[in-house]
Amino acid sequence: MNSQPAGDTDTSRDALEIRGISKAFGRFPALKNVSLKARDKEFLALLGPSGSGKTTLLRVLAGLETPDSGEVRFDDEDFLSLPVRRRKVGMVFQHYALFRHMTVAQNIAFGLNVRPRSERPSKSEVADRVAHLLSLVQLEGLQKRFPSQLSGGQRQRVALARALAIEPRMLLLDEPFGALDAQVRRDLRRWLRELHDRAGVTTVFVTHDQEEALDLADRVAILKDGELVQLGAPSELYEAPANPFVYDFLGAACRLPGEVAEGRLRIADWETAAPKGAPQGKVEIFFRPDEVAFAPADGAGLAAEVRGAAARGPKVRVDCLIEGRLMELEVHGRDAPAGVAPGLALRVKPLRPKVYPATA
Amino acid sequence: MSVGAPTVRLPGIAPLLLTAAVAVMGGLIILPLLAVFHDAFAKGLSVFLSSLKEPDAQAAIRLTLLVAAISVPLNAVFGVASAWAIAKFEFKGKSLLLTLIDLPFSISPVVSGLVWVLLFGAQGYFGEWLLDRDIKIIFALPGLVLATILVTFPFVARELIPLMQDQGSDEEAAALTLGASGFTTFWKITLPNIRWALLYGVLLCNARAMGEFGAVSVVSGHIRGETTTLPLHVEVLYNDYDFVGAFAAASVLASLGLSPLVLKTILEWRHSGELAASRRH
């Protein structure tokens, strides 16, 4: 879970303000009335499944798409009236979009070399800046390589250096780790967060990986079908998902039907105190497969039958049949029920169930 | 992507296919080409040279080069423009445009020539109007150029479209976000990325422009020394039973088409590293 100190960003002002953005491609609505704010120097994640409109929103911020309606302000400036090239946003594309016919150094220097003559730094200044950026992204010595001669992780860092070269007002990252393998992904994640903190640039990044978003971002905006579903710090989202979709999307979920009446929550033959603020009547109960406690068959909890058990490193996976649904529960080895084996009857108690109104 | 891909050998089939390919290449392409040069020099170098020194032959060579010099650059521009539009943008009527680009490939060149006669010929829609203003299109250079442009239009565009579609527009988008203007982006990003395909398209277009017979034949009027291009000149000589002259002109025509291909091969060989790098990415 998130361990970033959020203290200094909490008190700072809003830098980016998105108001009522809608965008349709033909008859397909990609964004529906999306509004959100990002604070100065904040690291904001746009999280959602594919087709949720997150990349479209990022491209609207960059100026690569024009919304049908709505407003984008950055530092109180009307961003939508600025053409792409005047917005000074550094964008890292999903497949990096490095200029294939240019060397690494030429790629990084591009944004400086295309400036109008009066604002263009001298050749030696450009060279200095490129050298500085190369060391920042830890690619010293690779300046003469072509993009095709680099690994995925190296390309990604070149793309980042190129975006940072123009001293962007805002950094936009489209699935920055999408094309990398798991190990490189985790290394780069930490590194990117450190880079952001050092550079102090407001950053918006798009991802479909909830773990990545929760791990990296100061705040996460969850999108679904072009709409903003929930916006909050990772811990807020994880602790209090606004609806079943968010709950499901942020991690593995087990669900069961139940009923709430007079402050009591009933699931099958088990009854417990209803969580605070739970809706009345027919409900759906969600719990995380690793937030459960086991009890003997004559104890309290949901009646369950073990269908399989397997040690997975420090954890034990216990497949249980509960209310006719097979659930893959997970516990630490020491918390595993004694004598767990297929056929064993026991009780499962969700430790922190979330209750949502039942959908028809 | 395909560069450096592992090869798969199909036992038994490979030598068979290879033999067939060599036989077809040798029998249908190399042999006739050699025959052209052989017959051109059949009565010795001096006869060959003198037949090329004829004023009509000289005029035909000049006219062919002139027509190509006008129509090839124009088609290069049209080709880049249409490929750009098709590959980088979504718009209504895109598939129609694609079909239109292919049209010159699918209709007979004679028809491509005939449409200009229908439009600008003496009995054509604009014939009288042009006659009143003393503007000659049919049986003159403009007609030859128009017919050539129509026939050779697809070459550059067809070469570029798949490549540009494959490359997408992310690099251009990146250049724009980095502060480049539209013109700079085109000049520094788009054009360098397509330069090899563009060169190849232009070479093919050029070879075809110089060799075009059907469409040009319709609009030319065969006025010797004035509107006969090299291919037409070959036909005229051949019909006059001047075989050495015909084959000499044909060998010049073949060389004009071959030399750019040789040039391209040399360029490719010299820039092979860079070429592979830009394709693999």
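Predicted model: local features only at pLDDT ≥ 70, side-chain atom pairs only at ≥ 80, totals over all residues.
**Entry: chain A on its own**
I looked up the secondary structure and found ten helices and 20 strands in chain A. Next I checked the extent: a box of roughly 80 × 45 × 40 Å along the principal axes holds the C-alpha atoms of chain A. Of the 360 residues in chain A, 50% are buried. I also looked at contacts between residues at least 6 apart in sequence, and 68% of these join residues at least 24 apart. Chain A exposes about 16500 Å², with 47% of that coming from carbon and sulfur atoms.

**Entry: where chain A meets chain B**
How many residues does each chain bring to the contact? I noted 23 from chain A and 22 from chain B. The two chains bury about 2200 Å² between them, and carbon and sulfur atoms give 64% of this area. On the chain A side, R85(A), R100(A) and H101(A) lose the most area to chain B, together 34% of what that side buries.

**Entry: polar links**
I then searched for charged pairs and counted one salt bridge between chain A and chain B. It joins the side chains of R100(A) and E171(B), at 2.6 Å from N to O. My count of residue pairs in polar contact between the chains came to three.

**Entry: what the chain A side is built from**
Several elements each supply at least two residues, including α2 (54–62) and α4 (104–113) of chain A. The largest share, three residues, comes from α6(A). Sorted by class, the side of chain A that touches chain B has 15 nonpolar, three polar and five charged residues.

Definitions and conventions: Residues numbered from 1 in each chain as written. Chains lettered and ligands numbered in written order. Heavy atoms only, no water. Contact = heavy atoms within 4.5 Å. Buried area = accessible area lost by both parts, 1.4 Å probe. Salt bridge = Lys/Arg side-chain N within 4 Å of Asp/Glu carboxyl O. Polar contact = N/O pair within 3.5 Å; in protein donor to acceptor, adjacent residues only side chain to side chain. Helix = DSSP H or I, 4+ residues; strand = E, 2+ residues; numbered from the N terminus. Nonpolar A, V, L, I, M, F, W, Y, C, P; charged D, E, K, R; others polar. Buried < 20%, exposed > 50% of the residue type's maximum accessible area, 1.4 Å probe, protein only. Areas by Shrake-Rupley, 256 points an atom, 1.4 Å probe, with all protein chains shown as cover.
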